[in-house]
Amino acid sequence: MPGTVLTSLVNDGTYPEPLYGENNRTNNIPDSLCRTDYWYRTTFTPPRSFAGKQVWLNFMGINYIAEIWVNGRQVGTIKGAFTRGIFNVTPCVTVGAANALAVHVRPQPHPGATHEKTIAGGTGLNGGVTGLDGPTFLCSIGWDWIPTIRDRDTGIWQDVILSATGPVVVQDPYVTSDLPLPRTDTADLTVQATLRNVTDTAQTGTLTGTSDGFSFKQDVSLAPNETRVVTFTPATTPALHLRKPRLWWPNGYGPQNLYKLHVSFAVNGIASDAQETTFGVRKITYTLPGSDNLALSVNGVPVIAKGGDWGIDEAMKRITRERLDAEVRMHRIANYTMIRNWVGQSTSADLYDACDKYGILMWDEFFEPHPSDGPIPEDVGLYLANVRDKILRFRNHACIALWCARNEGDPPPAIGQGIQKLINELDPRRLYQPSSTSGRGVNSGGPYHWRTPREFYTFSEAFKTEIGSISVPTLEAVRAMMPAKDWEVINDDWAEHDFCSGAQQGDRYPYIITDRYGPIANLPDFVRKSQLANYECFRAMYEGRFAKLFHPETGVITWMSSPAQPSFVWQLYSHDLEPNSSLYGARKACEPVHIMLNQKDWHVMVVNNTPESLKGLTAKTIVYNLDGSVQYSHGDTVTAAPSAVTDISAVAFPNGLSAVHFVKLELRDGKGGLLSDNFYWRAPSGDEDNFQALNTLPTVALDIQATRHDTNGKCLLDVVLRNPSKTLALMSHLQLRKARSGQRVLPVFYSDNYVSLLPGERKTLTVEATASELDGDAPLLAVDGWNVTVKPTPASGNRGVQVAPNTEAHVGATATMPATASGTVLGINCGGSQIGFFRFGAPPPAFAQDCDYQGGKTDSAPDTVKAIDTQVPNAAPAAVYQSERWGKCTYTIPVRQGQPCTVRLHFAEFKFEPGQRKFNVDINGHRVISDYDIAADGGKDKAVVKDFPAISPDTNGNIVIAFTRGAAEEPKICGIQILR
């Protein structure tokens, strides 16, 4: 304990691990778990030191309704997942003896219908009727990033604490700080504490506060059962005027200094109660001069909000303090400054503590999703009671930047006004943002699928709260999430782990990878190519925005940074806490001082996130061919303005570059010290999305030297990577394992990873893990990459470091694909679902689920038993002709620029006779068919195939196919293929 109902049943072996494979399907775990009441029961013995005191039971979180019983007497009720239950049980308990505690838990009243993800059906709808219940784990009904959790996370999900006090209790101490900006050499604190006399007798005592270097006190008299808020200010308490305060800063801007305040109340010199809280001295403002956009400044320094959304910390709320600390630390490694607590689903003290510790600001929300994802809560009073308790519990945390009422929509008036009133009363210094998608230049709305780097440079909003991509984990993490039978085929197991049609466009992704990097031979090859795609996309997600730093860009938050379950999408690290290349692409882009290549116009730029001008810098640009030869070298002297991006100049790419070439950037200070470097792979204009020539890179065996030194229970490795060859080593990846078993050590904190090395180049990085996780074994660094291996190096004893190639991740030179596999860029089953599964090492399915359309409606053949005659050349499977999209519609299909394509259209008429349907088809704005009559051309109930060769993508990299009404009836289309 704590443990939700399903967690407890999994722990005792009743059900299998829900998040592995397809164990979560209803044939394994029934959805009736969310419609059943439960009893938790235990016994407890209050220590004899509690004698003569007030005895309290403190419940930190129960979902959704709980009745608390002690020794057969009901002592109280809790309603809502995010409120505490604190009960005086003095009359019910016997000190020094066993007492019975029983908790009757009821699930939320509206658990809703299940969401089952499949390749054919996609992710399904998000959310649902659970919104009626307000303060609960709304996402547990199922979203496009989490399956339906069968108990809806019902149960005791946070700690249960037994405590004792005297007659007066101290509640909810509150500390705020103010700075005389632009000066930061002094700070004024205001401290509040709520005192409650829980007896029928008047009480007099002394309220005392002590912290680092200052203290204060005041005598207070309380009437019977009185509750009073006592306030201390610098005007009344000079000790609260601090000189040379130790400031709290966001990650990358300064140290995360924290103060501890101990507040106690003593009656007749005897301690009655005490509370301890942690706070940071800092001041946040929310605008910049000359702009109405939301822009965060901390202690007078503009801070770009670069970070990630959290949907929920863990699907089943199995979220220990150690796990949260590791997750937030990875955000620090990514150079992030913010986490967005989407719909307030991740609400525990440990999360806020970790964000304080690592300097991660929090965009903190309450409990309403997008209006289309759930109805308005029924019980406004219940909702606001949970909001109130959340504010009271967490308002002292330095990390909280603002409160937000609702995801992607304004709250209903009663709730919005209620939240505003609570914030005015309880935490008036923080900004209240009604919605995550409107006001102050804020917008959400994705896109959420993989895109080319250049597409991230086009945007309009200043503060982006959601933008994301597929993010494939490591090979070992994929294999750990599903049985071996599902490793080589993208089937419903993959869909259960979010890889299917939906906002993430998982059904499109394998075709993108094939077209961009070459046919996929097997799962290791898929992961290898996906790490390249991860890195490209997540780096550009931030660099594209930073190209307009503070003009207007003030924030970009990826959807998402932390996964709720083992997943293929929206994450920096996998559910088992192993980082993938997305984290290191983000880390590179989010450096405080950063050199970058604008991948839309090929200008070199310097991003300076510091408040100081950086002068006398040198920026160097070198372009390499595939063979490692230098084709271009250029240097610039740079002055980087503070809190701004500086455009240096465009790269003058020479003629004669190889089909893929590389750009190395370096930024050095006046003494030659390296401030930032960056590395890009690039294809020539006109074929800029074709990176298949990377497959010709020879394998490079790195020279790796690693030394171990342990301290404070940590295993620390200093690792030097050197490329001794004349070939570039692309995306070198290290993975810490136990030498004897070969098992991964998790979590591990790498200072850098997925490192590319030029010929002769060396890089130094550090690796940190908890020493006990090695189980007394020697550390093993397993090495893989795009074209990377290493010569095995044995360890000398358990203090040495072994280095070995990750042989299972290597794609053998003999891996081949059928010649036909590269012919189909994409097939679309218009109006229908995907036909067949994508199998690695085989031709891809000819037809994916209907996608990339705008307008029109769907229909299927009225007699599905009756087969369509497909005896024509190049016909699709019969199932394609059984579905259709009809009416005015347009397909905008993104394809790799380069050589022209053939557009193949599939039709079948199963409704009208000749002359009854006539329509037009345009491709990229050119009419290719006028008044087309399917029945007259091919006959009724027969497949018709039309090819249109030599179609080049438009300037946006799209093939646009428009269907409009002609002389009779509405247009229709059954299938589309793009062929090369």
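Predicted model: local features only at pLDDT ≥ 70, side-chain atom pairs only at ≥ 80, totals over all residues.
Good morning. By class, eight nonpolar, five polar and three charged residues make up the lining of the largest cavity.

The volume of the largest cavity is about 160 Å³. Sixteen is the number of residues around this space, and nearest its centre lie Val527, Arg528, Gln531, His733 and Asp784. Which element supplies the largest share of the lining of the largest cavity? That element is α9, with five residues. At least two residues each come from α6 (475-481), α9 and β40 (729-738).

The structure holds eight cavities of 30 Å³ or more. In the second largest cavity there is about 100 Å³ of space. It is lined by 13 residues, and the closest to its centre are Arg454, Arg516, Gln599, Trp602 and Glu688. This lining divides into five nonpolar, two polar and six charged residues.

Let me move to the second largest pocket, which holds about 800 Å³ of space. Its lining has 28 residues, with Thr452, Glu455, Pro894, Asn956 and Asn958 nearest the centre. By class, eleven are charged, ten polar and seven nonpolar. Helix α8 (509-517), together with β47 (824-829) and β51 (883-894), supplies at least two residues each. The largest share is that of α8, at four residues.

Next, the nonpolar cores. The largest contains 282 residues, and the members touching the most others are Trp145, Trp681, Leu694, Ile961, Phe963 and Ile976. Helix α9, residues 523-546, gives the most to this core, namely twelve residues. Another core, of eight residues, lies apart from it and includes Phe847, Ile868, Ala908 and Cys974. As general background, nonpolar side chains in soluble globular proteins tend to be buried together.

I turn now to the helices. Helix α4, residues 380-394, has 15 residues and spans 21 Å from first C-alpha to last, close to the expected 21 Å. Is α4 mostly covered or mostly uncovered? It is mostly covered, with eleven of its 15 residues buried. Among the buried residues are Leu382, Asn386, Asp389, Lys390 and Arg393.

Finally, Glu327 sits in helix α2, residues 321-333. Glu327 counts as buried because its relative accessible area is 0%. Leaving out residues up to four places away in sequence, Glu327 touches Trp310, Asp313, Ile319, Ser562, Tyr573 and Leu577.

Thank you.

Note on methods:
Residues numbered from 1 in each chain as written. Heavy atoms only, no water. 1 Å grid on protein atoms, 1.4 Å probe; cavity = no way out; pocket = protein on both sides within 12 Å on 5 of 7 lines; lining within 4 Å. Points joined across faces, edges and corners; volume = space filled by probe spheres on them. Nonpolar A, V, L, I, M, F, W, Y, C, P; charged D, E, K, R; others polar. Core = buried A, V, L, I, M, F, W, Y, C linked by side-chain atoms within 4.5 Å. Buried < 20%, exposed > 50% of the residue type's maximum accessible area, 1.4 Å probe, protein only. Contact = heavy atoms within 4.5 Å. Expected span 1.5 Å × (residues − 1).
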